[in-house]
Amino acid sequence: MNRVLNKTVAITGAARGLGRSHAVRLAEEGADIIALDVCEDSSTARYAGATRTDLDETATLVEKAGRRVVTRQVDVRDRAALQQAFEEAVAELGGLDVVVANAGISPISPDAPVTAFTEAIDVNLVGTVNTVHAALPHLGDGASIVLTGSVAGLMPRYDGAAGVGHGAAGYAFSKHMIAEYGERLAVRLAPSGMRVNVVHPTNAPTDLLKNPAAYRTFRPDLENPTADDVEQVFQRMHGMPIAYLDTSDVSHAVVFLASDESRYITGAQLKIDAGLVGKLEAGFNYLA
Ligand SMILES: NC(=O)c1ccc[n+]([C@@H]2O[C@H](COP(=O)([O-])OP(=O)(O)OC[C@H]3O[C@@H](n4cnc5c(N)ncnc54)[C@H](O)[C@@H]3O)[C@@H](O)[C@H]2O)c1
């Protein structure tokens with residue numbers, strides 16, 4: 001308990017999935033939360049977006065954990081709106097110590113239009129850069145910035161391979177760039193006592209991954225793959241015998257990076273991948 005006591009943490013994409021899990025875990029460890037989310041469908045992702053009701057539910061859960069919460073419905077692509085949201089929320093809660101840039105989309109589908117490539121980059125990469133930009137004026141010595149990559153950002157580049165759709169290529173590119181951006185930003189911010197680290201989760205059971213378009217991407221050999229069909233592939237991908245993480249597995253890492261326990265850790269690329277990246281680098285082809 002109290003690993004981030006009285007810190008104020010802003011989280012983008014906080015309405016559901018990993019973002020909600022981070023908000024609740026951080027609140028349980030004593031943080032007040034600024035919960036930001038667009039609460040709208042993306043134009044290219046083939047699954048429903050989060051809703052205002054989802055964001056309100058996150059706020060309820062944070063309050064149940066005994067902490068304060070401010071919510072704002074804002075698109076991370078809109079830098080001016082994001083700056084205003086940070087200004088208002090920070091004024092209300094009295095400061096800002098940690099930022100978790102988590103909002104993201106995965107518009108993967110074998111037949112995704114080319115705009116899926118550009119939208120993935122806009123939301124995931126430009127949205128992350130905007131979030132950092134909007135937060136920085138409010139951060140100081142001891143602050144922690146946690147960016148959200150993916151195992152897709154650490155795998156050898158595969159987006160030129162046959163059959164890789166525009167959305168998957170955009171997703172992988174955005175996550176590769178987030179990894180590099182985090183590393184360079186860490187160097188710039190270190191003299192001011194601020195830290196930047198990137199978490200790279202493998203599959204977590206959220207709406208982003210548990211949808212028919214994702215299933216078709218991971219099982220191109222089947223016409224109508226089911227969740228069970230995909231689970232077999234996900235099991236084989238990992239070194240450890242699991243198909244999915246739990247969302248809390250990622251949140252535990254975020255709590256550590258947000259807390260002063262990691263006060264001299266910066267520029268890290270933290271894989272939460274059950275051995276996936278090492279296995280792929282060793283030459284394993286999960287589709288074979
Ligand atoms: N689920 C996984 O397997 C997995 C694996 C690796 C990385 N990730 C990353 O974790 C992050 C969270 O994903 P998730 O799995 O919880 O998915 P999710 O779809 O459940 O949650 C993503 C949240 O981001 C919000 N969002 C989307 N576009 C936004 C925008 N323009 N502005 C503000 N908010 C926006 C959504 O409304 C949603 O609440 C993403 O960056 C994703 O790439 C997920």
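This is a predicted model: local features need pLDDT of at least 70, side-chain atom pairs count only at pLDDT 80 or more; totals for chains, interfaces and linings use all residues.
1. Asp228 and Gln232 are exposed, and they sit on the face of H7 turned away from its buried side. The buried residues of this helix are Val230, Phe234 and Met237. These three cover an arc of only 50° around the axis, so they end up on the same side of H7. There is a simple rule behind this kind of pattern: an α-helix has 3.6 residues a turn, so residues three or four places apart point the same way.

2. What do the buried residues of H7 pack against? Their partners are helix H6 (212-218) and helix H9 (276-281).

3. Now for the overall picture. The C-alpha trace spans about 55 × 35 × 30 Å along its principal axes.

4. How much of the chain is buried? The figure is 48% of the 288 residues.

5. The largest nonpolar core has 81 residues, and the members touching the most others are Val9, Ala10 and Ile33. Helix H5 (residues 166-189) gives this core its largest share, 7 residues. Leaving out residues up to four places away in sequence, Val9 touches Val4, Leu26, Ala31, Ile33, Asp97, Val98, Val100 and Ala258.

6. Next, the ligand. It is surrounded by 33 residues, and the closest are Gly13, Gly17, Ala50, Gly104 and Leu208. Helix H1 (17-28) and helix H4 (114-135) each put at least two residues into this shell. By type, the shell splits into 13 nonpolar, 15 polar and 5 charged residues.

7. Two backbone angles are worth a glance. Asn2 isn't a glycine, yet its phi is positive, at about 65°. You'll find Asn2 in the segment before strand S1 (8-12). Asn2 has 10 other C-beta atoms within 10 Å, so it counts as exposed.

8. The other angle belongs to Ala274, again not a glycine, with a positive phi of about 50°. Ala274 lies in the loop between strand S7 (269-272) and H9. Is Ala274 buried or exposed? It has 24 C-beta neighbours inside 10 Å, so Ala274 counts as buried.

9. Last, have a look at His138, in the loop between H4 and strand S5 (144-148). His138 has 18 C-beta neighbours inside 10 Å, which means that it is classed as partly exposed. Not counting residues up to four places away in sequence, His138 touches Phe86, Val90 and Leu96. For a sense of distance, pair His138 with Ala243: they are 105 residues apart in sequence, and their C-alpha atoms are 39 Å apart in space.

Methods: Residues are numbered from 1 along each chain as its sequence is written. A nonpolar core is a set of buried Ala, Val, Leu, Ile, Met, Phe, Trp, Tyr and Cys residues joined through C-beta atoms within 7 Å. A residue is buried if 20 or more other C-beta atoms lie within 10 Å of its own, exposed if 12 or fewer, and partly exposed in between; C-beta atoms are placed from the backbone. Helices (H or I, at least four residues) and strands (E, at least two) are DSSP runs, numbered from the N terminus. Two residues are in contact if their C-beta atoms, placed from the backbone, lie within 7 Å. A residue is near a molecule or strand if its C-beta atom, placed from the backbone, lies within 6 Å of it. Ala, Val, Leu, Ile, Met, Phe, Trp, Tyr, Cys and Pro count as nonpolar, Asp, Glu, Lys and Arg as charged, and the others, Gly among them, as polar. The arc is that of the directions from the helix axis to the C-beta atoms.
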